[in-house]
Amino acid sequence: MKKFDIIVVGGGHAGIEASLASARMGAETLLITIDNDSIAWMPCNPAIGGPGKAQIVREIDALGGAMALNTDETLTQIKLLNTSHGPAVRSLRAQCDKWLYSLNMKRKVEHENHLHLRQGIVSKIILDGFKVVGVETQDGSKFYANAVIITTGTYLKGRIYISQWSTEGGRWGKPASSELSEQLKEIGFKMSRFNTGTTPRVDRRSIDLSKFQCEQGDTQPLCFSLWNKPRIHENQIPSFIGWTNEKTVEVTRKYLNLSPSVMGTMVKTGPRTCPSMEEKVRWFPDRTRHQFFLEYEGFNTNEMYMQGMYMSMPYDNQLEVLRTIPGLENVEIIRPAYVIDYDYIIPTQLNLNYETKLVEGLFIAGQPNGTTGYDEAGGQGLLAGINAVLKIRGDEPFILKRSDAYLGTMSDDIITKELFEPYRITPSHCEYRLLLREDNADLRLTRKGYEIQVVEEWKMRKLEEKERMIQEVKEALEKSILTPNKETLDSLKMLGVSEISKPLTFLDMLKRQDFTKEQLKKLNEKFAHYPDEVLEEVEIETKYAGYIMREINSIKEFLQYENFKIPQDFDYSIVPSLSKEGRERLNEIKPVSLGQAMRISGVRPSDIQMLILYNKKIGGKK
């Protein structure tokens, strides 16, 4: 049997990015997935991006990943969100054709050099002591490799529920991976369970869409990938906003006892940001108006996804709840909503490179780490794929800090902090979000990716050209002077810009809130020849220079603690006066730095002080 460099288990969003990254770096990679025809499938809402998530997708893109490019090729609608807020929280969101998205991604996998595709269900990993050497599938086939990446989504002992009925499954119609889950427990991994859910899919022909608020996509030039040119997307499909009412809540309340979480037949812990209709009624007993969205699943289907209407009651009761809503009086459900619970590996058992501490060469990415969302999974898969290759090369791991990327924030959060629900990234998780915007992901990360050979040459050349133009624009802005003569004042008035009383550089003008890149292009034609993304970068850096400098100074302080390295074999039991919980958590997680130690749940400020004092006593250095 041929030996590979890397084996990736699972063809979801984490598995795709892991296998593509590994192959781009020249490693012979085997991707084993349960169904070759549902690669990168979107079992929930076929949407990419949104606050926090869009930043992750752009960072995947900046590091050579496929998610953003595939979104541009298959989107049915695209919007720029939070435009009335600052650039730190602006984010793209796209609806995709779920069938096209999967088909396109399969094509990318099949055409990637060094990447091999096999259909099968992995039943166990093959070990040599506590080092992984391969995997075995249910049919007895064995495949060997230097590293294995598990990206099994909700398949680890997954179980689907609709009220009292349940069946094993990783998602509807797909078998669970129970043997692999049991083996991981036998090896010694600490595991727990989370749940997630999906909504009813309904027939467009049975809905009166005139009773809902129509939401069109943006008509301005947009694209998700940094490597594509923004364009106006024709033929976008609208989505529709609706609200529940008193009758909806009344009917839902009548069937609360039929929810599996209420009956106690499944684990109750799911993503708090996506509560089911039953949970909304329990959590907000006085509220009757809950928003939901009707969104098409693709270009060539009448199937619509009811974002915000997660349920787990019986089919007939789901139908009764939906028909209380104006416009849905005659609605027909094509696929009923259901919930699924599944095993995940408590992620504090991972190193920051996504390799497990217990088994050498075994990496975990995506939902098996207790996270949720396509975007988060793709980001973890990318980092696991990169680090698996670096591991077998004998190179240093690729670790992004919280100050480098949303990817770094997410990694640090899930590996350092205790999870009380499935982890989903939001801008509030990120302390340095003004620096870690979606628009500058390439400026932050692409050179790093190129240095470890995960980013192609042409992308690096494109980045260098963008950097050259940004510098050129800045220099031109400093040299171009606007004088307060009649012609200038008339032009400013026509553009809705306040008058000036003394000569100002265009750089000074761009600092003003009423002067934007659009006015700049109209006042001086030479700036109109630069791409919008270049001018936008300069405008943001100029307008928010003070805030950006404040974050840079905060990062300098942060790095003092991050650079205070702690050996991985350090025994915290020898440090006097540590709290019992702090000592246990530090020995469990083995932080790589004092900064990471400070973020561990259960570690007190007094514990950190004791570490610093002990380090000074034994002559430790930062």
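**Close-up views of a predicted model**

The model is predicted: local features need pLDDT of at least 70, side-chain atom pairs count only at pLDDT 80 or more, and totals for chains, interfaces and linings use all residues. Residues are numbered from 1 along each chain as its sequence is written, and side-chain values use heavy atoms, leaving out hydrogens and water.

**View 1. F299 sits in a loop between two strands.** The loop runs between β16 (291–296) and β17 (303–307). Strands here are DSSP runs of E, at least two residues, numbered from the N terminus.

**View 2. G242 is buried in strand β15.** The strand spans residues 239–243. G242 has 2% relative accessibility. G242 touches F212, H290, Q291 and F292 (heavy atoms within 4.5 Å), not counting residues up to four places away in sequence. From G242 to F299 is 57 residues in sequence and 21 Å in space, C-alpha to C-alpha.

**View 3. Strands β10 and β11 form a hairpin.** β10 (residues 159–162) and β11 (residues 165–168) run antiparallel, joined by 4 bridges. Pairing requires at least two DSSP bridges between two strands. Y161 has S166 in β11 as its bridge partner. The hairpin has 2 residues between the strands, and S163 takes a positive phi near 55 degrees.

**View 4. Domain 3 and domain 4 are set 48 Å apart.** Domain 3 covers 457–549 and domain 4 covers 563–617. The bounds come from an automatic or database domain assignment.

Note on methods:
Buried means under 20% relative accessible area, exposed over 50%, partly exposed in between (1.4 Å probe, protein chains only).
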